[in-house]
Amino acid sequence: MKSTWSGHLEFDKVSFSWPYGVNVIDQLSFSIVKPGLWMIVGENGSGKSTLFRLISGVIRPKSGKIYCSLRPSMVYQNPDHQLLMPTCKSELMLSVPKTIPHSKLFDLVQSALEKVDLGEMLDRPIHTLSGGQKQRLALASAIVSNSNLLLLDEPTALLDPQSQNSVLKVVQSLTSSSTEPIAAIWVTHRLEELFFCDGAAIVKNGCISKWDSGSKVFQELKSLAVR
Ligand SMILES: Nc1ncnc2c1ncn2[C@@H]1O[C@H](COP(=O)(O)OP(=O)(O)OP(=O)(O)O)[C@@H](O)[C@H]1O
Ligand SMILES: [Mg+2]
């Protein structure tokens with residue numbers, strides 16, 4: 001079946017500084033022109049979360065241009081900070097676009113839960129979910145909102161290896177779907193995750209490197225660490 005992907009994200013020499021600070025983002029250029037799992041690494045304070053805020057439009061560049069025809073959605077480190085409702089169903093209902101007819105609501109919510117391996121959890125109280133299940137529910141919430149650009153800010157930092165793997169697998173399946181692939185930008189300090197991505201880049205000194213394979217970026221960071 002034909003893929004429904006269209007759109008792109010482009011930063012053209014974007015700079016940004018928080019009040020009274022130096023440029024956290026300095027003439028930064030990069031683009032995402034196809035679906036996939038794109039990972040970003042960089043030291044604490046290097047500007048990765050600031051970059052996400054620029055992509056989502058919460059803050060605006062001091063100079064340069066951002067072109068974004070995608071629909072971004074943030075997923076944070078701690079799902080408890082973004083899940084608001086008592087059950088999976090009510091949480092997802094909150095994110096469904098208002099234009100969706102009532103008759104289609106249930107199918108949309110159920111299909112989003114199935115995409116994140118929570119198909120049986122429609123009426124499950126959120127407080128009974130594990131950390132990994134909560135994080136996958138946050139992903140389902142982005143999916144029902146019709147987002148096609150997930151901004152994942154250290155989504156596995158609070159998870160054990162098994163839940164970390166379950167979130168990685170779900171994001172991989174969303175970004176490599178043969179019918180409706182989406183793009184995901186994944187910020188991580190867990191370097192072993194780089195082996196699962198379609199491309200990786202390093203944020204440093206306000207700039208971003210070119211996209212490279214996850215394994216190359218892993219090797220580069222490891223060799224810097226032993227110098
Ligand atoms: N709301 C804010 N007001 C002022 N300065 C901020 C704000 N948010 C971030 N900064 C500063 O911008 C710089 C980059 O922060 P940012 O959170 O983007 O880094 P990061 O790469 O996401 O770091 P980490 O890996 O620790 O999450 C830091 O010096 C930080 O103190
Ligand atoms: Mg951050």
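The structure is a predicted model, in which local features need pLDDT of at least 70, side-chain atom pairs count only at pLDDT 80 or more, and totals for chains, interfaces and linings use all residues. Residues are numbered from 1 along each chain as its sequence is written, while chains are lettered from A and ligands numbered from 1 in the order in which they are written. The chain is divided into domain 1 (1–71 + 148–227) and domain 2 (76–145), with bounds that come from an automatic or database domain assignment.

**Domains and their contact**

- The centres of domain 1 and domain 2, taken over C-alpha atoms, are separated by 24 Å.
- Contact between the domains involves 13 residues of domain 1 and 13 residues of domain 2; two residues are in contact if their C-beta atoms, placed from the backbone, lie within 7 Å.
- On the side of domain 1 that touches domain 2, the elements giving two or more residues are β6 (149–153) and α5 (161–175). Helices (H or I, at least four residues) and strands (E, at least two) are DSSP runs, numbered from the N terminus.
- Helix α5 supplies six residues, the largest share of that side of domain 1.
- By class, the side of domain 1 that touches domain 2 has nine nonpolar, two polar and two charged residues. Here Ala, Val, Leu, Ile, Met, Phe, Trp, Tyr, Cys and Pro count as nonpolar, Asp, Glu, Lys and Arg as charged, and the others, Gly among them, as polar.

**The three-stranded sheet**

- Three strands form an open sheet in the order β2-β1-β4, with antiparallel pairing; two strands pair if DSSP finds at least two bridges between them.
- The edge strands, β2 (25–32) and β4 (63–68), each pair on one side only.
- From one strand to the next, the twist averages 15°.
- Strand β1 (residues 9–16) is joined to β4 in the antiparallel sense over five bridges. S15 has S63 in β4 as its bridge partner, and F11 has I66 in β4.
- β1 and β2 also run antiparallel, joined by five bridges, with F16 opposite I25 in β2.
- Helix α1 (residues 48–56) lies across β1, β2 and β4 and runs at about 120° to β1. Axes are lines fitted to C-alpha atoms, for helices over the stretch in contact, and angles run from 0 to 180 degrees between N-to-C directions.

**The six-stranded sheet**

- A second open sheet has six strands in the order β5-β6-β7-β3-β8-β9, and its pairing is mixed.
- β5 (72–75) and β9 (207–208) stand at the edges with a single partner strand each, so one side of each has no neighbour in the sheet.
- β5 pairs with β6 in the parallel sense over four bridges; the bridge partner of S73 is L150 in β6.
- Helix α1 packs on this sheet as well, touching β3, β5, β6, β7 and β8, and its direction makes about 155° with that of β6.
- Strand β3 (residues 36–41) is largely enclosed by the rest of the structure, because five of its six residues are buried. A residue is buried if 20 or more other C-beta atoms lie within 10 Å of its own, exposed if 12 or fewer, and partly exposed in between, with C-beta atoms placed from the backbone.
- β3 pairs in the parallel sense with strand β7 (residues 183–187) over five bridges and with strand β8 (residues 199–204) over four bridges.
- W38 stands opposite I185 in β7 and opposite G199 in β8.

**The largest nonpolar core**

- The largest nonpolar core has 58 residues, of which A140, V171, A184 and W186 touch the most other members. Such a core is a set of buried Ala, Val, Leu, Ile, Met, Phe, Trp, Tyr and Cys residues joined through C-beta atoms within 7 Å.
- Helix α4 (residues 131–144) gives the most to this core, with seven residues.
- Both domain 1 and domain 2 give residues to the core, so it lies between them.
- Not counting residues up to four places away in sequence, A140 touches L92, A112, L113, K115, V116 and L118.

**The loop residue L122**

- L122 is placed in the loop between α3 (105–115) and α4.
- With 15 other C-beta atoms within 10 Å, L122 is partly exposed.
- L122 and Q110 are twelve residues apart in sequence, and their C-alpha atoms are 7.1 Å apart in space.
- Leaving aside neighbours within four places in sequence, L122 is in contact with C88, K89, Q110 and L113.
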